[in-house]
Amino acid sequence: MTMLSFQAVSKDSAPESLLDLCFKYVVSHLETICYVDPDTKDRRLKDGLTLPSEICEKLLEVYQQSGHSLEDKFVKIFENTQTTRLRRVHLRNANITDHGLCILLRHKLMELDLSNCVFITKRSLWHINEFGDSLLSLVIGPAVNMLQDTLHHDSTEELGETSSSPFFKRGFIIRAPNLRRLAVRNLNVQVEVWFFRLLVQSLKNLTHLDLSGSYGLDNLSYLCRLNNLTSLVLHNVRRLQETIGSICLLEKLRHLDVSQSNEKHGTFMNENQTLAMLVESLPLLSSLDISGTNLAGTGVAEHSPAPKAQPKNGYEMAAPQTDIPGLSSRVDNPLDFLGLYATHHGACHRHDIPAKKISGDANEEQILTAAAAYIDRPEVLQKVLNDLYHLFRYETCQNVCHALTVVLEAMDRHIHEKHIQISGSATLFYIVKGKDKHSFAMRMKRKIICTLLNGMSTHRDDDTMMRNGCLTLCQFKIPQDVLFDYERLIHILLHIVWEMEQEGFVQRIGIYLLNSLACQVDGYQKQLLGDLGAISKMLALIEDRLERKICDDVLEVAWSTLWNVTDETAINCQRFLDGRGMEFFLGCLSTFPEKEELLRNMMGLLGNVAEVKTLRPRLMTSHFVSVFSDLLDSCSDGIEVSYNAAGVLSHMASDGPGVWSINSPRREDVLRRMVSAIERWDLTLERNINYRSFEPIIYLLQVYHTPECQHWAVWALANLTRVYPTKYCSLVEAEGGLALLKEVMTHGEPYPRIKELAAMVIEHCQQYSQQSQSAKGPMTSMASGGGGAAAASGCLEPPLEG
């Protein structure tokens, strides 16, 4: 049995160690320890470096955990066995080939675990035999075609015990004289009757043998030669009835697993007597798994086939009681572990079970025990995760941290098993949504997010997986909690909003998340969004909706995303214009004139474009300026559309009369209309806008040649510092705004209303400063998104189970 070991909760809640952080950095910046061979493109360890086994093994582990595909080019780092050292290698879902594995085997490994390494062939068996003297543990897991390929090749020769097969000539299949643990899982091809006998014949020191899912094991009599065997796993092995006699002779067994995941293969004749014979023949047995079988009987007590104890004082003793008749001999000596998951007649729901730990689905403890016990069995694990999902959705889970560890380990181990990813992500949704979500340390949050992104990247075209992943990500603080893996998440979300079903739920939640990732982030992340194609994808969505004359939340959020992603990011503003953005703006304006939020988002975006001096000439057309001027009178969405239109025109006018290259509308007429609009706005109005920086507004304070531009700027500051003093007063002061406002107060060009508003801003900031000092310390707050939209939040629907 493979049991999952859990880290202590205190370790998970502690900050990451410096060593772990160093490993993650090195994995993301491999150039720190190696270089790329210019001819072969392989990675090579830098000259002068020598890495001990602890570092080499951890490097392999972290590289795989980080979602990287392990290939031969990476393995070449360990080619020199004098400067690197490996003892324990565990490869899961790796793209390593026979050549790469040979490099690792030259380190004289003690442990080798291969699972879902699809490029491994029979050639690797020869490499293992060449370097097998040091091997103590070997796992040949699913999708590793090391033995299958060999069998296929030799089966054409009609092999038998007297044939000229190289197996018989050399007397072994695997040459590893010191091997203690061997697992050959899912060798589900028809083999010759001699195959498994020859497989273990030379491995006389085996203590643990796992032949799960294998065919053609015969009656297992050959196992009696393994004098040290203490653990035997025969999960999903068919026709076990005929092996019971041989198993009963393995008197040193401490763990026996005869479980089945398919109910039709788990039926034994005389089930109660068969189970009794097994446990009474194996005196050292402490762990037994009979999941998926009928060996637990029907729950009706029967007399034990074992002889009764002699009566004391002439009185006959009562037979020990248990709801599993075949285990009556263990009532006074209960098993440490008993696997009863999906047994016939629901044995795990019975009361008197002689075992300390039980795997089943009767309660939380049994489910978590089952998840740990079957962590390497995807077909069973999927069912267990569904049980866990229902526990979180409809009941209450007491040991959330334990459950979380189980789910993450299951998803990490079985990245290519779609249904495990779906069930796991659905359970994660309820875990991170629950009342314990605020107790998760950043280390655990990152682990959850990384596991989710790994699953979403692998199953990116599965609607349910992407739905569950997005819903779970929505439970975190966006973008703060995901900045560590920002680029990968952007790639996933862009795939969702463009490649997946249009107008479906997944696309909607994907674009909401994308918009959230464009909000409250720095210029680097905003530019990265543009670099990765976010702007072109948003414009394509807008064009699609325009052509179909559909105004939905996707259209509105697409414009909101463009608003956020262009905030103080000139290159993205240029990308918007180059992508026919103004054409789509005019199209939406004429097609959906009554859609207030759409209009607000579009004008907010154009405010960002107008802040870029080199792009303003592209807005200077009679058509555009007439549209902006007319929008000054708009009452749409309160004052927001009018406010943003005035902002656009203020920036265009700030370049001076000389660059006003159009005859109509006239500059003075536009400025007059702008002032009239500003004076209609309510200074006490709450706003639907966020500023990360006041730099563009403060720039306008210095435009003395056109006081109307200053008028818009001081009104904006007066409103924001009055309504949101905690958020914006410190920002005005930090960016030098107070000094410029005082200069406006004494300058001769600004008209009285401008100076009046400037005085208000100064007064608001002074009052805030005094209040902060009286509260024993200033309160600072970083505003979010200069001129950007707040991230929209879509309706959340429950995730789907696998």
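Modeller: Contact, as I use it, means heavy atoms within 4.5 Å. This is a predicted model, with local features needing pLDDT of at least 70 and side-chain atom pairs pLDDT 80 or more, while totals for chains, interfaces and linings use all residues. Residues are numbered from 1 along each chain as its sequence is written, and side-chain values use heavy atoms, without hydrogens or water.

Biologist: Okay, how many helices and strands does the protein chain have?

Modeller: Both are DSSP runs numbered from the N terminus (H or I, at least four residues, for helices; E, at least two, for strands). On that count, the protein chain comes to 33 helices and 12 strands.

Biologist: Which residues in H18 does H16 meet?

Modeller: H16 covers residues 442–458 and H18 covers residues 486–499. From H16, the residues involved are Cys450, Leu453, Asn454, Met456 and Ser457. Their partners in H18 are Arg488, Leu489, Ile492 and Ile496.

Biologist: And is H16 roughly parallel or oblique to H18?

Modeller: Their axes (lines fitted to C-alpha atoms over the stretch in contact, with angles from 0 to 180 degrees between N-to-C directions) sit 10 Å apart, at an angle of about 40°. Under 35 degrees is roughly parallel, over 145 roughly antiparallel, 65 to 115 roughly perpendicular and the rest oblique. So H16 is, relative to H18, oblique.

Biologist: How do H5 and H6 lie relative to each other?

Modeller: H5 (residues 98–105) and H6 (residues 123–130) have axes that come within 9 Å and cross at roughly 10°. In their contact, Asp98, Leu101, Cys102 and Leu105 of H5 meet Arg123, Ser124, His127 and Ile128 of H6. The two helices are therefore roughly parallel.

Biologist: Which residues have the most contacts inside the largest nonpolar core?

Modeller: A core is a set of buried Ala, Val, Leu, Ile, Met, Phe, Trp, Tyr and Cys residues joined through side-chain atoms within 4.5 Å. The largest has 165 residues, and a second, separate one of 97 residues includes Leu112, Leu114, Leu223 and Leu256. Leaving aside neighbours within four places in sequence, Trp559 touches residues including Ile542, Phe576, Phe584 and Leu605. The most contacts inside the largest core belong to Trp559 and Phe585.

Biologist: Now Arg330: buried or exposed?

Modeller: Arg330 is in the loop between strand S10 (287–289) and strand S11 (335–339). Beyond its neighbours within four places in sequence, Arg330 contacts Leu285, Leu335 and Pro354. Buried means under 20% relative accessible area, exposed over 50%, partly exposed in between (1.4 Å probe, protein chains only). At 6% relative accessibility, Arg330 therefore counts as buried.
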